[in-house]
Amino acid sequence: MPLIENIRLEGHARLGIWHITEDEQFFLPHVSLSREITHPHKRLQHIAGRYLLTRLCPSFPLEQIAILPSRKPVVPGHQYFFSIAHSRDYVAALISDRVPVGVDIEHKNPVVERIAPKFLSPEELSWLEKRRRLLQLTICWAAKEAVYKWYGLGGIDFRRDIRLLPFHVGPPGEMMARLVPLQVELIVRYQIQRSYCVAWTLGSGKKL
């Protein structure tokens, strides 16, 4: 089942979500395969993500993608800003030709409850909604991943360096996130589906 979301954001950005039901042979005529990836499912996610970029933007220069030391993929020269995320059999991609972007997709999984103190501060844990705690934790995890990818330089502690302001769960919804090292505030938006949620941020951020 191919593209299930193709959303234009603010006129200069597109967000897409793909449900991977195809095998490698569907994607390989369009996308080159990195030989560094040996795990079959990770390899499939990799090529599906790059194929999705071309579905969102047919002129996207896949051959120009370079990898920073932080492992962030980029197009040199800022012709395009993009971000890709994978979760199980789903891949999300976000592209803009103007501003930095970050996207993440996460499936709801009770494991997030156990690891929550590793990526949320005590203050953030204090305002979680009890009735929708698992869903809100999943959104928070996706939001911090999206901000991390927007930043792209690594060396970020999710608990200390990315701070989320209180928000109420709503499909769809948004929240504010503060990236402490840069002293900027970003709007993070999200969508909730039955089994997963997608969070994204784009723009230059507001200086604190």
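**Notebook: salt bridges, rings, pockets**

I started with Glu 185 and Arg 178, whose side chains meet in a salt bridge at 2.8 Å, N to O. For a salt bridge I want a side-chain nitrogen of Lys or Arg within 4 Å of a carboxyl oxygen of Asp or Glu. Glu 185 is buried at 13% relative accessibility, while Arg 178 is partly exposed at 35%. My cut-offs: buried is under 20% relative accessible area, exposed is over 50%, and partly exposed is in between (1.4 Å probe, protein chains only).

Ground rules, before I go on. The model is predicted, so I take local features only at pLDDT of at least 70 and side-chain atom pairs only at pLDDT 80 or more, while totals for chains, interfaces and linings use all residues. I number residues from 1 along each chain as its sequence is written, and side-chain values use heavy atoms, with hydrogens and water left out.

Next I looked up Asp 104, which pairs with Lys 149 at 3.6 Å between the closest N and O atoms. Asp 104 sits in strand β7 and Lys 149 in helix α5, so this pair ties together parts 45 residues apart in sequence. I name helices (DSSP H or I runs, at least four residues) and strands (E runs, at least two) by counting from the N terminus. Asp 104 is buried, with a relative accessible area of 4%.

I also checked Arg 98 and Asp 97, a salt bridge with its closest N and O atoms 4.0 Å apart. Here Arg 98 is exposed at 59% and Asp 97 partly exposed at 43%.

**Rings**

I find 14 aromatic pairs in the structure. The rings of Phe 26 and Phe 27 have centres 5.0 Å apart and planes at 85 degrees, so I log them as edge-to-face. My rule: rings of Phe, Tyr and Trp (its six-membered ring) pair if their centres lie within 6.5 Å, and planes under 30 degrees apart are stacked, over 60 edge-to-face, the rest tilted. Phe 26 is partly exposed at 33%, but Phe 27 is buried at 0%.

Trp 127 and Phe 167 are another edge-to-face pair, at 5.7 Å centre to centre and 70 degrees between the planes. Trp 127 is in the loop between α4 (122-126) and α5, and Phe 167 in the loop between β8 (162-164) and β9 (173-179), so the pair ties together parts 40 residues apart in sequence. Both Trp 127 and Phe 167 are buried. I also noted a cluster, linked by ring pairs, of Trp 18, Phe 26, Phe 27 and Tyr 51.

I then turned to the largest pocket, with a volume of about 980 Å³. Of its 32 lining residues, I find His 46, Arg 50, Ile 67, Arg 71 and Pro 73 closest to the centre. A pocket here is an open set of points on a 1 Å grid over the protein atoms alone, where a 1.4 Å probe fits, with protein on both sides within 12 Å along at least five of seven lines; lining residues have an atom within 4 Å of a point. The volume is the space filled by probe spheres set on the points, which are joined across faces, edges and corners. β5 gives the most to this lining, with five residues.

The second largest pocket comes to about 250 Å³. I count 16 residues in its lining, with Leu 68, Lys 72, Val 74, His 78 and Phe 81 nearest the centre.
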